[in-house]
Amino acid sequence: MRSISSARADRSVRRRMATGATAAVLGLTVSLGGALAAPVAAADSATLTGVVLGVGADETQRTVSWYSSADTAQKIQVTPTARLTGGAFPADAAAFDALGAANTAGGGHHRNATITGLKENTGYSYRVGSEGNWSPTYSFRTQDFEGDYDFLFFGDPQIGSSGNVAKDTAGWKDTLDVAYRANPDAELLVSAGDQVESAGNESQWDGFLAPDQLRQYPVAATIGNHDVGSKAYEQHFAMPNTDRSAEYYANGDPDSNTSGGNYWYIYKDVLFIDINSNSYATSQGGGGDAAHAKYITDVVNQHGDEAKWKVLVFHHSIYSPASHAKDKDNKARRADLPATISKTGVDMVLQGHDHSYSRSYEIKDGERANPAEQPGQGDIYPGPGGVLYVTANSASGSKYYDITKPDDSGTSGSGNGADPSDPDRYWYNSVQNQEHVRSYMKVQVKSDKLVVENLRSGTCAAPNASVENGSWCNNTSEKQPVGSVVDKFTIHPHHGDGQQLQVDVPEPAPGEFGWTIDGYNGLVDLGTAKEVGGDHFTATGKINPIVVSDTRRSLSPWSVSANVSDFKDARKTFSGSYLGWSPYVLDPGAGAEAGSSVASGYDDEGKGLAVSRGLGSAEQGHARGKAKLGAGLDLKIPDTVGKGGYRATLTITALSS
């Protein structure tokens, strides 16, 4: 395995200075080099499908998962996109070996690998497979590893739920197209679960994985009740820090043909915790909600201080407004989990399952925390232990559930009583919405607030499989168009009784290395050569001084060198080897040391400045600053050279690592 952090090649900067025996012209050029070789191909017959980009343990990582028809050794190859040449990967592209095994159903094999060592604000290209049998090339881009960012949350796509996989896929693809056209810089794609209708149906999984965005933006997928009945979820996703202990499986058996496990990751300033809510009661065989409560507590105790925000994700909404609101299992979760969620300082809980939208009041320990909070209030200031619970509607339009009526079972704990201010709304919900229209959620993570929006990604029109199948729709595209807001609210953190202070420290400037001609880059005129000794001519002068500036924090070595072309006057010429020099440092700084003197080739039959010679340099660890370099020129010309005004070009090359 090679790290994505490849060594940076020395950068070469060239400028050209013309010099002459009687006259000279000076010019400038810049060149940067580096052709990249393509890897040698080898044969492999595996068919590669289902590629999906996943979140890593932090911003510097990504996971990639895929299916393979053959059980062959495979890997991810990844490189900064800027290093591709004609679509070909460089020979030294980073490679990460894949893990995997045979699929439990449907044949074939699954593979996954983790990309590490990513750099911020960099475009990357990647492919999976092996030499001679690569997948298409996909790409993603990292952004700043610190500061504000947005992520998108999508409710149950449940491809196949309408009975028409193609229509469900069309709605899912359209939602992602709408969401990422509006939010191209969103950094995560978080799913509420129920990716498919039937856990082991690979045709439905093909529909879920069809959108290109699932290979461009890192996905954090949640296990839904429709995903749990097969190993397909585990085969398609390799989530970071996954704990697949028996207690996190509904039946308590990780070796069974079911999916399970809990996982967590930190992305910038958010600790995300994702649990398998299919396991809720020990009577099922697993550890139930008690195991999840301990898991949440342990993760927060170990990693809570590493992030400013805590977001919990699980599939079964415990404060939803529709068909599942009164389910026995959801009422059990509503009794079991809120106290732990409040105690551990979770800020927001993201859920799905009920195919409708709702946003709770501030909830603490299973009770309304602030009776003064108004329905639909835009700014929420939770106190200690106050949590907002959000349920996402269908992102594909495959199925919607209608909002149900409260009952008289109580207005706290697991009760489903009415809000005193509205008999048609559950006591726990500030906002409830169902239009039978696709939607998604955008979460803006800021240092001092979370801004949450529920946005329409469709209208009553197709693609909207449920409505196409005859269900009602309450939406007018003129008043509620695609992209319009269903609900928007802001969570402001609790700062306690004291005053919290914050300062943002930027990345220190890396500094720069460069050089320039000091002053006007005029003619270096060596004048009229003088005859000496009856066998040659001599001319002397000085190059225009070179100013080197190095402010790099790396204190890396640098060097400046030069070579001269042949001297020409129309068709007459003589060798540049007859030019020698004596470098010196005019103004010290930047660790500058003068290069060695070079004799004219007339004296020693050497090459003089016809080959590259050092003007000045500095070693690793030198002081930052500026230096001015100069050199005396010594030209000796055989008397066999014809009369004329000759010119040559002195090419200056600066190297820095």
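**Contacts, domains and a disulfide in a predicted chain**

Setting aside neighbours within four places in sequence, Thr490 makes contact (heavy atoms within 4.5 Å) with Gly378, Asp379, Ile380, Lys449, Leu450 and Val451. Thr490 sits in strand E28, where strands (E, at least two residues) and helices (H or I, at least four) are DSSP runs numbered from the N terminus. With a relative accessible area of 11%, Thr490 is buried; buried means under 20% relative accessible area, exposed over 50%, and partly exposed in between, with a 1.4 Å probe and protein chains only.

The model is predicted, so local features need pLDDT of at least 70 and side-chain atom pairs count only at pLDDT 80 or more, whereas totals for chains, interfaces and linings use all residues. Residues are numbered from 1 along each chain as its sequence is written, and side-chain values use heavy atoms, with hydrogens and water left out.

Turning to confidence, the protein chain has an average pLDDT of 92, and 93% of the residues score at least 70; pLDDT is the predictor's confidence in each residue, from 0 to 100. Over residues 5–42 the pLDDT falls below 50, and this stretch has 126 contacts in the model beyond near neighbours in sequence.

Along the principal axes, the C-alpha atoms fill a box of roughly 120 × 65 × 50 Å. Of the 657 residues, 52% are buried. Among contacts with a separation of 6 or more, 74% are between residues 24 or more positions apart. The chain exposes about 26900 Å², of which carbon and sulfur atoms supply 48%, with accessible areas taken from the Shrake-Rupley method with a 1.4 Å probe, and only the protein chains shown counting as cover for residues.

An unreviewed UniProt entry lists "domain: Purple acid phosphatase N-terminal" at residues 50–142; UniProt positions follow the numbering used here, feature names are shortened, and annotations may be inferred rather than shown by experiment. That span is 0% helix and 52% strand, with its end C-alpha atoms 22 Å apart. For residues 151–357, the unreviewed UniProt entry gives "domain: Calcineurin-like phosphoesterase". Here the composition is 30% helix and 16% strand, and the end C-alpha atoms lie 18 Å apart.

Thr49 belongs to strand E2 (residues 48–55) and is partly exposed at 40% relative accessibility. Not counting residues up to four places away in sequence, Thr49 touches Trp66 and Tyr67. The C-alpha atoms of Thr49 and Ser135 are separated by 8.2 Å, although the two residues are 86 apart along the chain.

Asp168, in helix H1 (residues 165–182), is buried, with 0% relative accessibility. Its contacts, leaving aside neighbours within four places in sequence, are with Gln158, Ile159, Gly160, Ser161, Ser162, Ser396, Ser398 and Ala465. Asp168 and Gly207 are 39 residues apart in sequence, with a C-alpha to C-alpha distance of 7.8 Å.

Glu531 lies in strand E31 (residues 530–532) and counts as exposed at 54% relative accessibility. Beyond neighbours within four places in sequence, Glu531 is in contact with His536 and Phe537. The C-alpha atoms of Glu531 and Leu455, 76 residues apart along the chain, are 87 Å from each other.

A disulfide is a covalent bond between the sulfur atoms of two cysteines. Taking a pair of cysteine sulfur atoms within 2.5 Å as the criterion, the count comes to 1 disulfide. Cys460 and Cys473 form this link, with their sulfur atoms 2.0 Å apart. The link of Cys460 and Cys473 is left-handed, with -90° about the S-S bond. The pair links distant parts of the chain, 13 residues apart: Cys460 is in the loop between strand E27 (449–456) and helix H7 (465–468), and Cys473 is in the loop between H7 and strand E28 (485–491). Cys460 is partly exposed at 23% relative accessibility, and Cys473 is partly exposed with a relative accessible area of 25%.
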